[in-house]
Amino acid sequence: MDQRDLELIAKYGEADPELKSLFEEHIAFEKILEKMESKPYLTPSEETELKEIKKKKLSGKTRIETLLVKYRKAEVH
């Protein structure tokens, strides 16, 4: 996410619980992924978990983007 998106999240996150929750979840997933990807070897179950977390993170990011489009439009008008 770029700086503008982060600013929009900071501005509207308190008033929009879904946006705030999705962003917090996104950050948590990033931390988990960083930790898992730093391991030299992942077990097959860890590989599966890694893939699932990436899917959830992407799904959440897509929803965040949808919400941000609405707020970007509000900023322009």
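At the start of helix 1, a side-chain oxygen of D2 comes to within 3.2 Å of the backbone nitrogen of R4. Welcome to this predicted model, in which local features need pLDDT of at least 70, side-chain atom pairs count only at pLDDT 80 or more, and totals for chains, interfaces and linings use all residues. Residues are numbered from 1 along each chain as its sequence is written, and side-chain values use heavy atoms, with hydrogens and water left out. Helices (H or I, at least four residues) are DSSP runs, numbered from the N terminus.

**Confidence**

- The chain averages a pLDDT of 95, and 100% of the residues score at least 70; pLDDT is the predictor's confidence in each residue, from 0 to 100.
- Among the elements of the chain, helix 2 has the highest mean pLDDT (97) and helix 1 the lowest (94).

**Helix 1**

- D5, L8, I9 and Y12 are the ones to look for here, as they are buried in helix 1 (buried means under 20% relative accessible area, exposed over 50%, partly exposed in between, with a 1.4 Å probe and protein chains only).
- Looking down the axis of helix 1, you will find its buried residues within an arc of 100 degrees, so they line one face of the helix; the arc is that of the directions from the helix axis to the C-beta atoms.
- An α-helix has 3.6 residues a turn, so residues three or four places apart point the same way.
- The buried residues of helix 1 pack against helix 2 and helix 3.
- On the face turned away from that buried side, helix 1 carries the exposed residues Q3, A10 and K11.

**Helix 3**

- The 33 residues of helix 3 should span 48 Å at 1.5 Å a residue, and its end C-alpha atoms are 48 Å apart, which agrees; the expected span of a helix is 1.5 Å times one less than its number of residues.
- Buried residues in helix 3 include E46, L50, I53, G60 and I64, and L67, L68, Y71 and R72 are buried there too.
- Helix 1 and helix 2 are among what covers the buried residues of helix 3.

**R72 and its neighbours**

- R72 sits in helix 3 (residues 44–76), and its 17% relative accessibility is why R72 counts as buried.
- Leaving aside residues up to four places away in sequence, R72 touches R4, D5, L8 and E65; contact means heavy atoms within 4.5 Å.
- The side chains of R72 and D5 make a polar contact (2.7 Å). A polar contact is a pair of N or O atoms within 3.5 Å; within protein, one must be able to donate a hydrogen and the other to accept it, and residues adjacent in sequence count only if both atoms are side-chain atoms.

**The aromatic pair**

- The structure holds one aromatic pair. The rings of Y12 and Y71 have their centres 4.1 Å apart and their planes at 10 degrees, so the pair is stacked.
- Rings of Phe, Tyr and Trp (its six-membered ring) pair if their centres lie within 6.5 Å; planes under 30 degrees apart count as stacked, over 60 as edge-to-face and the rest as tilted.
- Y12 lies in helix 1 and Y71 in helix 3, so the pair ties together parts that are 59 residues apart in sequence.
- Both Y12 and Y71 are buried.

**The loops**

- E14 is in the loop between helix 1 (3–12) and helix 2 (17–37), and at 64% relative accessibility E14 counts as exposed.
- The side chain of E14 makes a polar contact with the side chain of K20 (3.3 Å).
- P40 lies in the loop between helix 2 and helix 3 and, at 88% relative accessibility, counts as exposed.

Key: Helices (H or I, at least four residues) and strands (E, at least two) are DSSP runs, numbered from the N terminus.
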